[in-house]
Amino acid sequence: MSSVLEKREQAVGGVSRSQQPLWIAFGLLMGLLVFGYWNSLKEAAAYWEGPQYSHGWLIPLFTVVLLWMRHQPLVEVPAIQRWYGVAGLAASLLLRMVCAWYGLDIPDMVTFVPAVLGVIWIIGGWPMFRWAGPAAAFLIFMFPLPWSVEQALLNPLQTLATRVSTYVLQTIGFGAYYEGNRIQIEEVQLGVVDACSGLRMTTIFLALSVAIVLIADRPWWENLVIVLSAVPIALTVNVIRITVTGVLHVVASAELANMVFHDLAGWLMVPLALILLWIEVSILSNLFVEVEEEIPLVARAGLVRTGSQK
């Protein structure tokens, strides 16, 4: 018995020792990659100081946790797969040079993600890419949106938030109408500024929904519904925020309304969105019920006879 245990320990030890050079190479390549992208990563971190991308600090930490949770032993792969990784890494660096030449700062930052995926493919080929790739791709959420994309989304989201909040206020009995991005609630005028557009909540909750999908073990169609519903849930929570603020301006005081809007909303919006997501996941989990297939009585009797003959 002891000899068998010794052989197993030696086998396990042999596997771990054989993987050490690969992990060392992975650490060296990632260190060189971070060093080469240090200026872009520092620029991305500067965006995290603002409220729009304040969640950026959590993305690298969650990626490390996710890699640890999804970790699988490295296996030997054909050399051709490693060359695919070299090609992907080279293409990412070439694209970065093009972005730097044309002054495209944010696309320059984002090329860090495919470069990391290239390193993963170099070290572990397709097997490692399968379990580590999703965690590495999650790093995309630590970079800001391009200015043109942000501006293209900002105005439609402001308009949507203004009109839907006005409709909700009218539905619950308040005299409200909108002019542009301003809501007139009886004697109070509420401006839906850029910070009220819901873009910040949308970016945060989209990242959170993807994180939940990567952790949870659910059917692919449930994961797809969860990701697709991230934006509607975020916008719903933002409408609730604006509506409650408008109601408090009328029935309470401007001081209380501003306190809820500026101080408490940041703490309450994400939990409220998570509650809505939990309700959605509960509905999806009970939407289809798995039924065990029953064996017909004739077949069951045949199995009994077969067992008795044996």
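The axes of helix H8 (residues 199-215) and helix H9 approach each other within 9 Å and cross at roughly 165°. Angles over 145 degrees count as roughly antiparallel, and H8 and H9 are therefore roughly antiparallel to each other. Their crossing is right-handed. On the H8 side, Leu-206, Ser-209, Val-210 and Val-213 take part in the contact, where they meet Asn-223, Ile-226 and Val-227 of H9. By class, five residues of this contact are nonpolar and two are polar, while none is charged. The model described here is a predicted one.

Helix H9 (residues 220-228) also packs against helix H10 (residues 230-251). In this pair the angle is about 35°, and the axes lie 4 Å apart. H9 contributes Ile-226, Val-227 and Leu-228 to the contact, and H10 contributes Ala-230, Val-231 and Pro-232. The contact of H9 with H10 comprises six nonpolar residues, with no polar and no charged ones.

The protein has 310 residues, of which 37% are buried. Among its contacts with a separation of 6 or more, 73% join residues 24 or more positions apart. The accessible surface of the protein amounts to about 18,800 Å². Carbon and sulfur atoms account for 69% of that surface.

Notes. Residues numbered from 1 in each chain as written. Predicted model: local features only at pLDDT ≥ 70, side-chain atom pairs only at ≥ 80, totals over all residues. Heavy atoms only, no water. Axes fitted to C-alpha atoms, helices over the stretch in contact; angles between N-to-C directions. Helix = DSSP H or I, 4+ residues; strand = E, 2+ residues; numbered from the N terminus. Contact = heavy atoms within 4.5 Å. Nonpolar A, V, L, I, M, F, W, Y, C, P; charged D, E, K, R; others polar. Parallel < 35°, antiparallel > 145°, perpendicular 65-115°, else oblique. Left-handed = near helix turned anticlockwise from the far one by under 90°. Buried < 20%, exposed > 50% of the residue type's maximum accessible area, 1.4 Å probe, protein only. Areas by Shrake-Rupley, 256 points an atom, 1.4 Å probe, with all protein chains shown as cover.
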